[in-house]
Amino acid sequence: MKVLLTGATGFLGFRTLEKLVLQPEVEKIIATGRTIKETHYINHPKVEYRLGDLSEKEFVYNLVRGCTHIIHAAALSSPWGKLDEFHTANVVSQQNLLDAAKKNEIQKYVFISTPCLYFELKNKMNIKESDTLPSKFINAYASTKHQAELELEKAEIPYVILRPRGLIGRGDTVIMPRLIRAYDEGKLKIIGDGDNIVDLTPVANVVHAIQLSLKADLKASNKTYNIANGTPVKLWAYIAEVLRKLDKEPPTKKVPFGLAKFIAQLMEIKSRLTNMKEPVLTKYGIGILAKSFTIDISKARELLGYEPKVSAEEAIEEFVKWYRENEKS
């Protein structure tokens, strides 16, 4: 098995790479990303790093040549930004990879998508993959990831699409660090009543799902799967636990959801009329912090044989330890 891993220098990609090198059936891994971070780098004889832009056809063709499997974890993932930038990063890159895959007889294509596709500004519980998607996606990230899914589905290449929810754990440079920065700047407040329930997924469990997907049989292939822990948590209790372990007193001040949403709408309008810089508040960000959002993982359990191996509590511990070691770097 010769694997191309995109997004290999990011949170999920790096943790996936750690496990791939341990699999005896994996002979070689082409690891690609834009830049290498010291905290997300692996020196191993199976790994060859090739940095570049997946929107460039020739670069992608050379990456895929000789590979048997592709794990596409790279994406432009942000609550805000210009549609054309998301399209280039999430759709054009997918098209380039698929074009190259067709010429190289790829045996399995594992695509990391997102449950952001389901998101609306309301409580949504136990969402199934078969549930009707919103008529309008919450942001450009969600719409372009959906478009990338459609490109893969029509490509006639054996595939598995994973929609992992709320990745947490060692190596997270996005979700918890962003909340910690907001706290340190005095901007973190509880949105809504603070009782919203969400799925969070230790990144180790997503890596496990990827490993299962690479080996998925015919019955499990060409399908889309939700990936989470199956044990939703109270979001603000989880955030408070992380902050306490970092010797920070959790916030107690609450802001009504309606007020926060109104402010976010004004900030988004101002951004669109000026420089498109990401506002301090976005409707998506407000919704994530205020609304309950859980997904059903029974399909992954039944067809992929997926079972969560790491708890949210264990992911807290490994994140806090890693963050303390790297917060000044």
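Colleague: Which residues in H7 meet which residues in H11?

Modeller: This is a predicted model. From H7, Tyr238, Glu241, Val242 and Lys245 take part, and they meet Ala312, Ile316, Glu317, Phe319, Val320 and Arg324 in H11. By class, this contact of H7 with H11 holds six nonpolar, no polar and four charged residues.

Colleague: How is the packing of two helices described?

Modeller: Two numbers are used: the angle between the axes of the packed helices and the distance between those axes. For H7 and helix H11, which covers residues 312-326, the angle is about 40° and the axes lie 10 Å apart. The crossing of H7 and H11 is right-handed.

Colleague: At what angle do H5 and H7 pack?

Modeller: Helix H5 (residues 175-184) packs with helix H7 (residues 235-245) at about 75°, and their axes are 11 Å apart. An angle of 65 to 115 degrees counts as roughly perpendicular, so H5 is roughly perpendicular to H7. On the H5 side the contact is made by Met176, Leu179, Ile180 and Tyr183, and on the H7 side by Tyr238, Ile239, Val242 and Leu243.

Colleague: How many residues of the contact of H5 with H7 are nonpolar, polar and charged?

Modeller: Eight are nonpolar, with no polar and no charged residues. Tyr238 and Val242 of H7 touch H5, and Tyr238 and Val242 also meet H11.

Colleague: What are the angle and the axis distance for H8 and H9?

Modeller: The angle is about 160°, and the axes are 8 Å apart. Angles over 145 degrees count as roughly antiparallel, and H8 and H9 are therefore roughly antiparallel to each other. Their crossing is right-handed. H8 contributes Phe257, Ala260, Lys261, Ala264, Gln265 and Glu268 to the contact, while H9 contributes Lys283, Ile286, Gly287 and Ala290. In the contact of H8 with H9, five residues are nonpolar, two polar and three charged.

Colleague: Turning to pockets, how many residues line the second largest pocket, and which lie nearest its centre?

Modeller: The lining has 22 residues, and Phe137, Ile138, Asn139, Arg272 and Lys283 lie nearest the centre. Two or more lining residues come from each of helix H3 (83-102), helix H4 (140-153), helix H8 (257-273) and helix H9 (283-290). H4 gives the largest share, three residues. Lys283 of H9 is also part of the contact with H8.

Colleague: What is the volume of the second largest pocket, and how do its lining residues divide?

Modeller: The volume is about 480 Å³. The lining divides into twelve nonpolar, four polar and six charged residues.

Key
Residues numbered from 1 in each chain as written. Predicted model: local features only at pLDDT ≥ 70, side-chain atom pairs only at ≥ 80, totals over all residues. Heavy atoms only, no water. 1 Å grid on protein atoms, 1.4 Å probe; cavity = no way out; pocket = protein on both sides within 12 Å on 5 of 7 lines; lining within 4 Å. Points joined across faces, edges and corners; volume = space filled by probe spheres on them. Helix = DSSP H or I, 4+ residues; strand = E, 2+ residues; numbered from the N terminus. Nonpolar A, V, L, I, M, F, W, Y, C, P; charged D, E, K, R; others polar. Axes fitted to C-alpha atoms, helices over the stretch in contact; angles between N-to-C directions. Parallel < 35°, antiparallel > 145°, perpendicular 65-115°, else oblique. Contact = heavy atoms within 4.5 Å. Left-handed = near helix turned anticlockwise from the far one by under 90°.
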